[in-house]
Amino acid sequence: MAEKNSFFESSLVQNFNKDIEQYHLGPLWNAIPDLMKHTPEPHAQAYLWKHDLLYKKLMEATEIFTPERGGERRAIYLQNPGLNYRKPWGWASTTQTLYAAVQLILPGEEAPSHRHVQNALRFVMEGEGAYTIVQGERLFMERGDFLTTPNGLWHGHGHPGDKPMIWMDCLDIPTIYYLGGTFFEPYPDKLEKPSLPDNYSQQRYEGGMVRPIGDRYKKKAPLGNFKWKQTEAAIQGLSRFEPDPFDGYAVEFINPSNGQTACPTIAAWMQKLPKGFHSKAHRHTHASIYHVHEGSGYSVINGVRFDWEKGDYFVVPNWAWHEHIAEEDTYLFQTNDLPILEKFGLEKKQELDTNNGYQEVKSEFKPVMV
């Protein structure tokens, strides 16, 4: 059914198509081959952003943008070049469905609290001394920490420390914008004041994978900050065994009260690729955003080599063949839209069954440098 037909390009059909267009009607006979593909053809492109570029532009932004001047946050988002056509602002799309950005807060600054229907998460890249306040709880952040802010929760940021802090933001902004469900509300008194002890939720979960009995019933965000030391310990324990052939040693951040993803629409993983590890190539319908927390190496995405090092970001679009090669012990923080795909029953996977599971490298990606 969904095949191109030369008859549909005839003047008879084309004239009829043009005639119904004036009535805001459309011809399914012509449209269906383009709208219902045999396999996914995402508009998002595989791309890589270098740490040096991101850091330089964030530092330049500190000379221009301050919380007092408005704008809510000093954040620069990663705009996928294949989605620039989306208006307005490319929908701030890093993948078809997800937004990712790097955000910087300086000592003494405060970013006002607000809440919105978009789900959000953060991964701390560098710095110390800053906090995010979520629903009255100040969560002080350190490098490697993962934090989640599900939709509808008040959240803001403050920095009483003495060193700049940079973190990654990931939200489902493009998905919510496309669905037409956006709501946003500023906090009535700028930055929310604490109503709970500092780091309250992480203190309740100092035991790791055990939970207070009061959390055996579902809560939206019973644990707001997943500390790096615990994440690293989990990875090290997993590293005593054979790695997954596609993802190495990988763990997923979950909501301890329901066992599901920590952020309802965005999955977050930390994975370790030991030095010399070369993953097998596969592809899946969910798209992924990677941040290189530690290490260096390269990924082959649809036959193109992407070299990466500490601090870089790169995107693997949905249904793109990909494999990773670690040139030293590497930690990759990954966010993806797997929960969205699963909710629609759209997740599919495929392993490369040629060349012993490895792609042929046909070209190399050349990043935009400072």
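Visitor: What should I know before I start?
Guide: Residues are numbered from 1 along each chain as its sequence is written. In this predicted model, local features need pLDDT of at least 70, side-chain atom pairs count only at pLDDT 80 or more, totals for chains, interfaces and linings use all residues, and side-chain values use heavy atoms, without hydrogens and water.

Visitor: How do strands of a sheet pair?
Guide: They pair through backbone hydrogen bonds, either parallel or antiparallel. Here strands are DSSP runs of E, at least two residues, numbered from the N terminus, and two strands pair if DSSP finds at least two bridges between them. Six strands form an open, antiparallel sheet in the order β1-β19-β16-β21-β14-β13.

Visitor: Why is one side of β1 and of β13 left without a neighbour in the sheet?
Guide: β1 (47-49) and β13 (249-252) are at the edges and have a single partner strand each, so one side of each has no neighbour there.

Visitor: Which residue of β14 is the bridge partner of A250?
Guide: That is Q271. β13 pairs with β14 (residues 267-273) over four bridges, in the antiparallel sense.

Visitor: Is strand β5 mostly covered or uncovered?
Guide: Buried means under 20% relative accessible area, exposed over 50%, partly exposed in between (1.4 Å probe, protein chains only). β5 (residues 120-126) is mostly covered, with six of its seven residues buried.

Visitor: Which strands pair with β5?
Guide: Among them are β8 (residues 146-149), antiparallel over four bridges, and β10 (residues 165-171), antiparallel over six bridges. F123 has F146 of β8 as its bridge partner, and A120 has L171 of β10.
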